[in-house]
Amino acid sequence: MPRFDAVLFDLDGVLADTAHIHFAAWRRLAEELGIPLEPRFEDRLKGVDRMTSLDLILAHGNVERTVEERRVLADRKNGYYQAAIAEQSPDDLLPGARRVLEEVRAAGLKTALASASHNAPPLLDQLGIRPLIDAIANPAAVKAPKPAPDLFLEAARLVGVAPGRCLGVEDAVAGITSIKEAGMVAVGIGDPTILTRADHVVPAIADFHIGDYLG
Ligand code: BG6
Ligand code: MG
């Protein structure tokens, strides 16, 4: 019997080349606040929800803002991000992303999305991959964001698969932690020296082959 019945995917930096677009939008906002963000800060923000990301940046710059001011700042970042992804199309999928989804489906496994991004559903439409995804976990519907396990557990629940029979695919430290806390096997996309809790790490989604996990 194969070991897995579902693959749960993150979106930004796994299927779509949007991780750096999130960071560019945060960097623009941070600069406006007089907070320089060095490139290595990007890994601390990956997979982290919008408000927590803002709080990390404000704390980094020793800047204090009221709840209302923070809401306005988060909205401004989201505006920068949405403007930058407005023209995304299937050409903006990361190489291999569509092939991976098709192969997972062809192997008889379910596919689900476990993205922290509230922009994920329209982006899936723009990228043309929504028909290849069986379920989308809604980050607004779970109690705790990544690194808590809730979002991956919700994705598993939506496709009716036990966590122990799910494979999670993530590019973020927070996301890998979420997968492991959910009791799933974690495949990291990126650098093994950063994604240290992943069970297996490949450089890019193009290097992911579901057959490697079904033997
Ligand atoms: C994650 C990104 O997928 O979604 C984070 O890695 C981002 O950078 C988070 O902050 C939330 O996204 P959004 O679109 O709801 O602000
Ligand atoms: Mg990601």
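**Around ligand 1**

Tutor: Ligand 1 is surrounded by 14 residues, and the closest are Asp12, Arg50, Ser117, His118 and Asn119; a residue counts as near when one of its heavy atoms lies within 4 Å of the molecule. Keep in mind that this is a predicted model, where local features need pLDDT of at least 70, side-chain atom pairs count only at pLDDT 80 or more, and totals for chains, interfaces and linings use all residues, while side-chain values use heavy atoms, with hydrogens and water left out. Residues are numbered from 1 along each chain as its sequence is written, and chains are lettered from A and ligands numbered from 1 in the order in which they are written.

Now for the polar contacts, meaning pairs of N or O atoms within 3.5 Å; within protein, one atom must be able to donate a hydrogen and the other to accept it, and residues adjacent in sequence count only if both atoms are side-chain atoms. Asn119 puts a polar side-chain atom 2.6 Å from an oxygen atom of ligand 1. His118 uses a polar backbone atom instead, 2.7 Å from a ligand oxygen. Gly47 also works through its backbone, with an N or O atom 2.8 Å from an oxygen of ligand 1. On its own, ligand 1 has 390 Å² of accessible area, and the protein covers 97% of that (Shrake-Rupley method, 1.4 Å probe; for residues, only the protein chains shown count as cover).

Where does ligand 1 sit? The answer is the largest cavity. On a 1 Å grid over the protein atoms alone, a cavity is a set of points where a 1.4 Å probe fits but cannot get out, and a molecule sits in it if more than half of its atoms lie within 2 Å of its grid points.

Is Ser53 buried or exposed? Its relative accessible area is 1%, so Ser53 is buried (under 20%, with exposed over 50% and partly exposed in between, using a 1.4 Å probe and protein chains only). The Ser53 side chain reaches back to the backbone oxygen of Asp49, at 2.9 Å. Leaving aside residues up to four places away in sequence, Ser53 touches Trp26, Leu45 and Val48, where contact means heavy atoms within 4.5 Å.

Asn62 has a phi near 50°, a positive value in a residue other than glycine. Asn62 is exposed because its relative accessible area is 72%.

One more loop is worth a glance, the one between β3 (135-136) and α7 (150-159), which holds Pro147. The peptide bond from Lys146 to Pro147 is cis, with omega about 15°. In α7 itself, the buried residues are Leu151, Phe152, Glu154, Ala155, Ala156 and Val159. They pack against β1 (6-9), β2 (110-113), β3, β4 (166-170) and α8 (173-181). After α7 comes Gly160, with a positive phi near 70°.

Methods
Helices (H or I, at least four residues) and strands (E, at least two) are DSSP runs, numbered from the N terminus. On a 1 Å grid over the protein atoms alone, a cavity is a set of points where a 1.4 Å probe fits but cannot get out, and a pocket is an open set with protein on both sides within 12 Å along at least five of seven lines; lining residues have an atom within 4 Å of a point.
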